[in-house]
Amino acid sequence: MAQLKLEKRGHTALITMSNPPANTWTRETLTQLRNAVKSLDEDKNIYALVITGEGDKFFSAGADLKLFADGDKAVASDMARIFGEAFETLSNFSGVSIAAINGYAMGGGLEVALACDIRIAEQQAQMALPEAKVGLLPCAGGTQNLAWLVGEGWAKRMILCGERIGAEKALQIGLVEEVVATGMALETALVLADKAAEQSPSSVTACKKLIQQGRSGSIQSALPLERELFVGLFDTKDQVEGVQAFLEKRKANWVNG
């Protein structure tokens, strides 16, 4: 049975982590995720991506620690590389990515959610980056993405002190954007994905690039790029369609180009 399931629902791709009992990551599933996101980037009919965990207890518990039990640096290097490739590919997905956190999100399980644009958590969800408790560190974007979202203080509480937080605290500190009832994360995420599909895909790609530009550059460099990408949209069919649809009081028919 596939440990990473991909399903397309209209303009949304649904990726389900399916490796019971805790939906842990393996080299194979990380490679599958990287390749799946790359293929979705090539699919002009897909505007959004939702990722969730199978079952009602775990979103994902991260890497299987058995992989690192013998202290093999070659294995560690290979896993760190594929973790990075998979989650950076997810971060760079051209559409909107949403994590539907339906349970425990630990270590690499939280890092995959951090690599998404938006996070929806069920009320019973628990989140942590506990790698330092076992002599490791979050190597798949965790130290950077968490600090960017919640600030240095809370990132240090979670990573340096190993603090585990619930959904309401995650909402309070900005780690998740919404908390929903048990069993409702996926449905909520899919509704949000449908909203994203009403936007011009070309505009979404450009806006996402600009928003994330702030992580690595200054506002002085981002503002000229903002204007440049705005003008660049006039090379797209979606720009013409979007304006015409508004003026004609009808729903736009995007072509993602």
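**Close-up views of a predicted model**

Asn23 sits in the loop that runs between S2 and H1. Please keep in mind, for this view and those that follow, that the model is predicted.

**View 1. The loop between S2 and H1 holds Asn23 and Pro21.** Asn23 has a phi near 55 degrees, which is a positive value in a residue other than glycine. Pro21 belongs to the loop between S2 and helix H1 (27-42) as well. Look at the peptide bond leading from Pro20 to Pro21: this bond is cis, and its omega is near 5 degrees.

**View 2. Strands S1 and S2 form a hairpin.** Here strand S1 (residues 4-9) and strand S2 (residues 12-17) run antiparallel and are joined by 6 bridges. The hairpin has 2 residues between its strands, and Gly10 takes a positive phi near 65 degrees.

**View 3. An open sheet is built from 4 strands.** Reading across the sheet, the order is S4-S6-S8-S9, with mixed pairing. Strand S4 (58-60) and strand S9 (165-166) are the edge strands, and each of them pairs on one side only. Strand S6 (residues 104-106) and strand S8 (residues 126-128) run parallel, joined by 2 bridges. A handy landmark is Ala105, which stands opposite Met127 in S8. As a reminder for reading such views, side chains in a regular strand alternate between the two faces of the sheet.

**View 4. Domain 1 meets domain 2.** The domain assignment of the protein gives domain 1 as 3-197 and domain 2 as 200-248. Their C-alpha centres lie 27 Å apart. Where the two domains touch, 11 residues of domain 1 and 7 residues of domain 2 take part in the contact. The size of an interface is often given as the accessible area lost when the parts come together. Between domain 1 and domain 2 the buried area is about 760 Å², and carbon and sulfur atoms give 48% of that area. On the domain 1 side, look for Tyr47, Ser94 and Trp148: they supply 51% of the area that domain 1 buries against domain 2, more than any other three residues.

**View 5. The largest pocket draws its lining from both domain 1 and domain 2.** This pocket has a volume of about 650 Å³. Its lining counts 29 residues, and Cys116, Asp117, Lys208, Gln212 and Arg215 are the ones that lie nearest the centre. Domain 1 (3-197) and domain 2 (200-248) each provide at least three residues of the lining. At least two lining residues come from each of helix H2 (73-91), strand S7 (118-122), helix H4 (142-150), helix H7 (185-196) and helix H8 (201-216). H8 gives the most, with 6 residues. Sorted by class, the lining has 14 nonpolar, 9 polar and 6 charged residues.

**View 6. The second largest pocket is lined by 22 residues.** About 480 Å³ of space lies in this pocket. The largest share, 4 residues, comes from H2. By class, 15 residues of the lining are nonpolar, 4 are polar and 3 are charged.

Methods: Residues are numbered from 1 along each chain as its sequence is written. This is a predicted model: local features need pLDDT of at least 70, side-chain atom pairs count only at pLDDT 80 or more; totals for chains, interfaces and linings use all residues. Side-chain values use heavy atoms; hydrogens and water are left out. On a 1 Å grid over the protein atoms alone, a cavity is a set of points where a 1.4 Å probe fits but cannot get out, and a pocket is an open set with protein on both sides within 12 Å along at least five of seven lines; lining residues have an atom within 4 Å of a point. Grid points are joined across faces, edges and corners, and a volume is the space filled by probe spheres set on the points. Ala, Val, Leu, Ile, Met, Phe, Trp, Tyr, Cys and Pro count as nonpolar, Asp, Glu, Lys and Arg as charged, and the others, Gly among them, as polar. Domain bounds come from an automatic or database domain assignment. Two strands pair if DSSP finds at least two bridges between them. Contact means heavy atoms within 4.5 Å. Buried area is the accessible area (1.4 Å probe) that two parts lose on being put together, summed over both.
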